Amino acid sequence: MSVRGGGTDQNLVLFNDATIYNPSHLFGFFSAFNPDMLKSVELYKSAVPARYGGRLASVLDIATRDGNKKAFGGAGGIGLLTSRLTLEGPLVKDKGSFLIGGRSSYSDWLLHRVPDASLRNSSAAFYDISTHVTYDLNDRNSFYVTGYYSRDRFRLASDTTYRYASIAASAKWKHNFSNKLYGVLTGTYSQYDYGFASARNPSTASDFAYRLAQKGVQADFSYYHSAQHTLDFGVSTLLYDIAPGSLTPAGAASLIVPDALQAEKALESALYVADRFEVSPRLSVYAGLRYSLFNALGPRLVNEYLPGASKTENTITGTRGYGSGQVLATYHGPEGRLSAKYMLTDNASVKASYNRMRQYIHQLSNTTTVSPIDSWKLSDTNIRPQVGDQVSVGYYRNFKHNTIETSVEAYYKVMRDFLDYKNGASLFLNQHIETDVVNAQGRAYGVEFLARKTTGKVNGWLSYTYSRSLARVNTGTEVVNGGRYYPSNYDKPHDVTLVSNYRFSQRFSVSLNFNYSTGRPLTLPLAKYYIDNTLRVYYSERNAYRVPDYYRADLAINMEGNHKAHKLAHSSWTLAVYNLTGRKNPYSVYFQSQNGQVNGYQLSIFGQPIPSLTYNFRF
Amino acid sequence: MAIFLRTKGLAAGLWAVLLGLASSCVTPYIPDVPAATQDYLVVNGFINSQGITRLELSRSLALQATKAPAVETKAVVTIQAASGQRFGLTESPAGTYTSGSLNLNPALTYKLSIATAGGKSYETDYLPVKTTPAIDKVHWRYENDGVQIYVDTHDANRNTTYYRWKYEETWQFTSALESFYQYNPITKLIEPRPDDIYHCWGNNISTAIKQTNTTRLSQDVVLDFPLVFLPANSRKLPIRYSIMVQQYAQTREEYEYWEILRKNSENLGTINDPLPSQVTGNVRCISNPDEPALGFVGVHSVSQQRIYIDRNDLPQPKDFVFETGYESCVEVIEERCPPRGRPLPPGVTTTFNVQGLLITKTGCPTGTNCYLTSCFYYGSFTDCVDCRLRGTNVKPSFWQ
């Protein structure tokens, strides 16, 4: 997911305040979260409250709902290969509740019966489980505990099995000091690990593993001063612990030499204060200040490079060792958050906002392979944090008694020091990744149009976004594309999304969704040639071409069961067709050299219409 | 907001994902790239400041092309000194342009100009002359279960810094089975073989880009740069092996060109591949500045050194078994010899003429007496007998 031309690593996804590093199942086509569990999903991309920080582009704050404190209940869905189930009920009547939900694919057995041999060799499976427990001790104190675990495994017509798993846990104590002040103390734990195992050739059979763990503590307070002022303030700290990659031989016959990258540790802390100020009935202002501090910690060996020279293996001047817990690099700075809303009339308003965000953790992805893999890397002595500034203005207008909402929002963003790759960068198990990445500068701008109809037989929304995202690498030592701006990996100028529902009757509705976006930029091999009888490939400038445009239409038909009151369970059937037109959208595009030819391949995962039938129930 | 909470119907249809995988497919991706972006001039070679310059001009090809690259013929290729002096190159064979033996002045700069038959002009900037220092030593050590070959060099004047090497390996080998006879289709008789197709020389020219620099060193010295590793049982080692190493001094620009070319590796599309990037070289099209030309032409001299490694130099025990590539070859008794003076029976003709098996020897199975029984022809497949399929039986002129 890219928000406003930002990288996929620039979105903070919080599940009850615990960070989720990979919020998707199966190639990003499905959310990692069970919709039956959720209370709210709030996306901040213009005016980001000072409480949040650590990512440049957006914050997605997902909150689970509390379980039913009075009665037991449940909901679920049964499909042919996957199902979901949620249960809830009181732990202590009127005081405590639980909510637990899970989803799972059953097995790969169907895939293994597909006649095509290469597909028989494919597999995919996932499951997730989440739970949320609440307990109200008294009027002043409440406790919440949330846990989340998700696991994916897949193999795409190859001999390599990929896997990833996320853990997120949080515990909260909410305390009301008075009817004007309350505070929440939160402890979080997040873990993301992935790996892949290659087993085809026993002599090169290997297992790669990556793991990120993050522990956090935060205290957030909200003080209701008066009808005009509400103050939010708090403090937080996160401890990162990353094992950035290890390769181990698999099986006794394997000749793979074990290799591992140094562990990375860091502390990211922040203080914030913000005032929500109702200046007048028409004007409200939000002013916040966050101050973040990042300490990269030992133990670590850090390469030192010749000042003023390109960081390469040849300009390493020495290596400095840091002991456990010793600070090896510190970055810090203020982050201002300002927004204002002015009601022009009862149904028209303008909003303007300015945000500064600082980001201390970066994603490295290799996109030239059949299955892209992503690693997260902390800032350190040689890799600076990213800083982003965004201004945005929007105009909002409602029609027909607020049943039709329209808006237009424009934004301009400047991003500094996000990571891009040097020419010829090598990312896999690189012991000195700073020689292969470069802090790039970027800018992104765009305008978003949205029309939404919230009620009625026909409802839904239609949006169009024009946006550009450009990057530039032109330091004294590193130059990409002649130092000019070039489309970043997330530059998709046009995006059209339609979500529409038509309710024929109380029991029967149809929804049609459509999405179009420009294909992402790509560096293409253009020609081949021979130097000293060796095949060489001539590439285009970076991101000079694009993969084919993306478009997809999905259709779903919902049929509710009858609504007799004494029925045990309320049920519905959903018949859906994903990718109605069978468009072969590229999931990945890659090139392979075979017998003197350089062949391009496109992997489409959902390249044909896919019907599905699910029985949903609630009791 | 609707990013994760998709409409109910679709979120429910999770099982679709799995069927979707069944429909995942890899299809050829042929990018929509104008043909004009695929046909560029490729310049392969360097200006030899102390000797004969040999440049190969060809054209780049579409990625899927199966044909050999076209050569650029009838071009006018000139080396020009900053002082104005010009040296023409002559074409022979087609696409290869050769100068006379030159001795360029290291104090001057030189450029290459190419005017193609199609009317386009290409040239390099004026380039400095790098004089390549002598190779101090090509040497080897037996380590890590194999022979590691190293090169040492230095430049007392500290002018070189960037070094690149190419090498050519030659080794003696034998086919699996020696052939003493051959079938003569004219006389229709089996006759003694006049030529030796058992002893051959194999050959391999380096394709990997081998280079290093001494920027981090306090002296311009290269010690123990690893060039080639031969596993202990290498088929190149059982008799006599030789390597000719050529050394080139480079400018930093040329070094960086090869470095990126090396990273845009031969191996594409695997997880540990570097991200590819554009690299062209130092030849510009001056009649159309937007048209790239490919290849880097440096101006430098060459120094070279050859070493030999004998079987007896190696520490492997006497009975050590080397890989030969002929492991699957067997000698079979094919046909019975005809009595003296009689024509060959049809079976022999079929086996050794039509089916193409080669005769290795005549003889009798162990334990039988050839005086009592008539002899047999032994034979095997061509590839097991004729070493010329894997090398040449002409002794290289340099071979000692």
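Which residues does Lys120(B) touch, not counting residues up to four places away in sequence? The contacts of Lys120(B) are Cys285(B), Ser287(B) and Asn288(B), where two residues are in contact if their C-beta atoms, placed from the backbone, lie within 7 Å.

## What you're looking at

This is a predicted model, in which local features need pLDDT of at least 70 and side-chain atom pairs count only at pLDDT 80 or more, while totals for chains, interfaces and linings use all residues. Residues are numbered from 1 along each chain as its sequence is written, and chains are lettered from A and ligands numbered from 1 in the order in which they are written.

The predictor gives the complex an ipTM of 0.80 and a pTM of 0.80. As for pLDDT (the predictor's confidence in each residue, from 0 to 100), chain B averages 85, and 87% of its residues score at least 70.

## Chain B at a glance

Chain B has 5 helices and 24 strands. Helices (H or I, at least four residues) and strands (E, at least two) are DSSP runs, numbered from the N terminus. Of the 400 residues of chain B, 35% count as buried; that label takes 20 or more other C-beta atoms within 10 Å of the residue's own, while exposed takes 12 or fewer and partly exposed is in between, with C-beta atoms placed from the backbone. Take the contacts in chain B between residues at least 6 apart in sequence: 69% of them join residues at least 24 apart.

Chain B is divided into domain 1 (34–129 + 252–268 + 275–297) and domain 2 (181–197 + 323–389), with bounds that come from an automatic or database domain assignment. The centres of these two domains of chain B, taken over C-alpha atoms, are 52 Å apart.

Helix H3 (residues 252–263) of chain B has 12 residues and reaches 17 Å from its first C-alpha to its last, close to the 16 Å expected at 1.5 Å a residue. That expected span is 1.5 Å times one less than the number of residues. Glu254(B), Tyr255(B), Tyr257(B), Trp258(B), Leu261(B) and Lys263(B) are buried in H3(B). The buried residues of H3(B) pack against strand E34 (534–539) of chain A, together with strand E12 (162–174), strand E16 (210–213) and E18 of chain B.

Back to Lys120(B), which sits in the loop between strand E7 (109–115) and strand E8 (121–123) of chain B. Lys120(B) counts as partly exposed because it has 17 C-beta neighbours inside 10 Å. Lys120(B) and Cys285(B) are 165 residues apart along the chain, yet their C-alpha atoms are separated by 7.3 Å.

## Chain A: where two domains meet

Chain A is divided into domain 1 (8–491) and domain 2 (492–619), and their C-alpha centres lie 23 Å apart. Here 34 residues of domain 1 of chain A are in contact with 30 residues of domain 2 of chain A. On the domain 1 side, the elements giving two or more residues are strand E7 (73–78), strand E28 (458–472) and strand E29 (486–487) of chain A. E28(A) gives the most, with 11 residues. By class, that side has 16 nonpolar, 15 polar and 3 charged residues; Ala, Val, Leu, Ile, Met, Phe, Trp, Tyr, Cys and Pro count as nonpolar, Asp, Glu, Lys and Arg as charged, and the others, Gly among them, as polar.

Val458(A) is found in strand E28 of chain A. Val458(A) is exposed, with 10 other C-beta atoms within 10 Å. Leaving aside neighbours within four places in sequence, Val458(A) is in contact with Lys453(A), Ser500(A) and Tyr502(A).

## Strand pairing in chain A

Two strands pair if DSSP finds at least two bridges between them. E7(A) and strand E40 (residues 610–618) of chain A pair in the antiparallel sense over 4 bridges, with Phe617(A) in E40(A) as the bridge partner of Gly76(A). E40(A) is also joined by 9 bridges to strand E37 (residues 570–578) of chain A, again antiparallel, and Tyr578(A) stands opposite Ile610(A) in E40(A).

Elsewhere in chain A, 4 strands form an open sheet of mixed pairing in the order E2-E1-E6-E5. Strand E2 (18–19) and strand E5 (38–44) of chain A stand at the edges, each with a single partner strand, so one side of each has no neighbour in the sheet.
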